[in-house]
Amino acid sequence: MTISTNKSKTLFHLQTDHTSYIIQELENGELGQVYYGPKIHQKESYDNLMTREIHDATPSLSEGMQDFQPELIKQEYASFGKGDYRYPAFPIEQPNGSRITEFKLQNFAIKEGKSRLKDLPSTFDDTNDDAQTLVLNLKDQITDLNLDLNYTVFPHQDVIVRSSTFINSTAADYKINTAYSSQLDLPDANYDLIQFSGNWARERHLYRSPLRPGLQSVSSLRAASSHQQNPFIMLARPETDEQSGAAFGFNLVYSGNFKDSVEVDQFDASRVMVGINPDEFAWNLQSGTSFQTPEAIMSFTEDGMNQLSQQMGAFYTDHLVAPKFAKQERPILINNWEATYFDFDEKKLMSIVNKAHALGVEMFVLDDGWFGKRNDDTTSLGDWFVDKDKFPDGLGHFSQQVHDLGMKFGLWFEPEMISCKSKLHEDHPDWMVGDPNAQLIPSRHQFVLDMAKPEVVDYLYEKISQIMSDTKLDYIKWDMNRNITDTFSRYLKPEQQAEFAHRYMLGVYRLYDQLTKAFPEVLFESCASGGGRFDLGMMYYAPQAWTSDDTDAVERIKIQYGTSYGYPLSMMGAHVSAVPNDQNGRITSLKTRGAVAFFGDLGYELDITKISEEELKQTKEQIDFYKQYRNLFQFGKFYRIDSPFEEDGNITSWEVVSDDKSLAIVGRYQLLNHPSVAYQRQYFVGLDPNKQYTVNDSSETFYGDELMNAGYFVKMAQVDGNYSSDFHSDLLIAKEI
Ligand code: DGJ
């Protein structure tokens, strides 16, 4: 039984293969949280787990209920103003201004499976993977509003998905001021918060710090999940490491303003909230309407952070990513951005295409600059028609040539944006986000289209789908190069302005939904100046994302390592680019650039007509090598071994292992080469201790336990062709014999 209740139907026990999550109706009819952690037996009640000390100086619910002190109760979805001084999950404003509610359990339903949400990206159970859904229906005693708390248990990945639905079947109108997707009240605070933060070209670096009293949070108010913070967080016991220890993972299926917070109260209990950022959000819950929050994902393991990443990653592959692409090998692409920037025409591109084809590259992606008059970034966004100066015979003609070679063809769009210098702006100056009375803030010389306005979404669908048909497109890179300022929609009514950021996202999702449904064969890659929208909302439509604009191999080690905590390798676009690197001028060997980019969806992003014969040969070898092991690199079990975020950080290593443990590849990266070393060893993980392996086709064989516990000798780095011995890499391939 995945979801069970007790005889009196007051207790709900959600069990995955290894975890239990228990909810209980409290004495006042509201819901309390009993437990989340390693799986425990089903019982009729867990009174002991709800017992707490009583404190004199703490409000009680009523004179008759002296020991019911809301501040001390682990709540399931906390209301506002009834003596629980921690942050609430959902204040709702009533016509008289009051925000006091008393939502009590009314009934519940348990259903098999999990269906998709209507207007939001969401999880699903198309493969009948034993998912069960529990809906707890609550009714407010004051307003008669209904609230559904939705839980789906995915037993085999140890994942629970939560969301809330506010339903107004009354005659009055209400306003939701906050609507978190999930809340978890843990009984202690002995955890580290692990977050993934950074900036443009430095996305998702790991930060780990012990919880302390008060509120700690990561969030975004950029109307994008952002480069700066990611919605994925972990709570881990201080002793938890990659291979062992307890850890919770939380993520949100959403791409806009979000907030994940952990509040440690005066009793050292921790409240975790995940959802839409309550700042810059309010929703008019008018009579006869409902509001659905995005879905939050929770997972727990006792077996360390690698296990947590693996189970959550496997869950996304099976229950979030478009099934067609979930396990489909991703093509090796070449993208012309860093090769040409805006300076190209058909002839120049065809010489890159032809050379790439000869090397075995499978897809050509035409990046920014093919439309309008876009010879730099000051113009033409919104003018989604081909630039005839660059493609005199049209884009269809160019794509035909690519297809004739047997290659796929991909195209860059930045649908949500508009340039002032554009035909679209001449025709529709009022389609921009922003208060017309104010001086609007440009960013990269561009402005944002009002995706909350249905006409804008319809226009974009028409233009983009036309080009997709004309070019028989195989792939879209959907970029978003600025965040929103001047938050104001001319389309929305004054009282709806606080809904804008969420309505913007709903517009983006509608466009994604229509395009992916009309062109189910087309692979989408999301991008936002690199990794500024690397989130599960995007991944639902676009199964891979451009991890970062920083293509330097050394920077990428940290970026990809950090990203791997929350997202599987198949989601990470990773390209080999030219040196000196365009972002930081660093020179690394082609070998190291390849060895980093292999761990993800491999691409090339350089002018291969300009590299030496020797490097062309090496590139061909890389492509052949990647094809041989592509499935492992994209879908193998990924393990982090040596962290670049450790104090020294000179060595990073990670590994992919096949499901049957017959094959593993370790990537080992050394920043600076040091003299006088003796026994440098690389420790494998995740192998079968009893299997025997060769390493890089060695004549000596090794048991799995030997490679994992005694390690494998790694030779000191040597000068690599024209490149120095710093920034060195090794790939160690263990094959079962
Ligand atoms: C930002 C992206 O991350 C780059 O890869 C490239 O597509 C540029 N935008 C184009 O403007």
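**Close-up views of a predicted model**

**View 1. The burial of Arg-630.** Arg-630 is buried, its relative accessible area being 8% (buried means under 20% relative accessible area, exposed over 50% and partly exposed in between, with a 1.4 Å probe and protein chains only). This residue is found in helix α13, which covers residues 613-635 (helices are DSSP runs of H or I with at least four residues, strands are runs of E with at least two, and both are numbered from the N terminus). The model is predicted, so that local features need pLDDT of at least 70 and side-chain atom pairs count only at pLDDT 80 or more, while totals for chains, interfaces and linings use all residues. Residues are numbered from 1 along each chain as its sequence is written, and side-chain values use heavy atoms, with hydrogens and water left out.

**View 2. The surroundings of Arg-630.** Leaving aside residues up to four places away in sequence, Arg-630 touches Glu-329, Arg-330, Pro-331, Ile-332 and Glu-362, where contact means heavy atoms within 4.5 Å.

**View 3. The whole protein as the setting.** The protein contains 14 helices and 39 strands, and 62% of its 737 residues are buried. Along the principal axes, its C-alpha atoms fill a box of roughly 85 × 70 × 40 Å. Of the contacts between residues at least 6 apart in sequence, 70% join residues at least 24 apart.
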